[in-house]
Amino acid sequence: MGVVLRNLFTGPVTRRYPFERRQYFDGSRGKLLFHPEYCEFCGECERACPTGAIELDTAWDTRRQDYSIVWLRRYDPFKCIFCGNCVEACPYGAIELAEEPAAPGYRKEISVDEIPNWQWTEWVAS
C-alpha cells in the first residue's frame with residue numbers, strides 16, 4: 001500500500017522525450033562543427049586525424065569559365081571517432097566539437113566544404 005501511495009504522488013520515472021531532452025554529461029563529445037571562414041588550409045587537422053576522416057584537397061571550379069582552383073575539405077562522419085585531435089591541432093579555431101550529438105544518418109554522405117577565404121596568392125607570399 002505504501003508503494004502505491006508513493007507512486008501516486010511522485011513524478012514519472014520516464015522522460016517526455018520530444019518535449020524534455022536529456023542534459024548532456026560534462027565532457028561529452030558531440031558533432032564536429034567546421035567554420036570554413038577561419039580555415040587557413042594548413043592541413044594540421046588532416047594530419048592529426050587517426051582515421052582519415054578529414055581530407056583537404058583542391059579541385060577545378062567548373063562553375064566559372066576560368067576554371068580556377070577551389071580549396072575543399074571533405075569530412076566523412078562515418079569514419080570519425082570524435083577523438084578531438086583535429087580540434088586540438090587546428091591553430092585557427094576552425095573546428096570545434098559541439099555538445100549536441102550528431103543526428104543519425106540515413107545514408108552515407110560525405111560533407112564537402114569549400115574554403116572561400118583561402119587564397120593561393122596568400123600562401124605563395126608567406
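**Salt bridges and their labels**

Modeller: The side chains of Arg74 and Asp57 meet in a salt bridge, with N to O at 3.2 Å, and the pair links distant parts of the chain, since Arg74 sits in strand 3 (residues 69–75) and Asp57 in strand 2 (residues 54–60), 17 residues apart. Please keep in mind that this is a predicted model.

Colleague: What makes the contact between Arg74 and Asp57 a salt bridge?

Modeller: The term requires a side-chain nitrogen of Lys or Arg within 4 Å of a carboxyl oxygen of Asp or Glu; Arg74 and Asp57 are 3.2 Å apart, N to O, and therefore the label applies.

Colleague: How do you know whether Asp76 is buried or exposed?

Modeller: Buried means under 20% relative accessible area, and Asp76 has 6% relative accessibility, so Asp76 counts as buried. Lys108, which forms a salt bridge with Asp76, is exposed, with a relative accessible area of 59%.

Colleague: Why do you say that the pair of Lys108 and Asp76 ties parts together?

Modeller: Lys108 lies in the loop between strand 4 (95–97) and strand 5 (111–114), whereas Asp76 lies in the loop between strand 3 and helix 3 (85–89), so the pair ties together parts that are 32 residues apart in sequence.

Terms used:
Residues numbered from 1 in each chain as written. Predicted model: local features only at pLDDT ≥ 70, side-chain atom pairs only at ≥ 80, totals over all residues. Heavy atoms only, no water. Helix = DSSP H or I, 4+ residues; strand = E, 2+ residues; numbered from the N terminus. Buried < 20%, exposed > 50% of the residue type's maximum accessible area, 1.4 Å probe, protein only.
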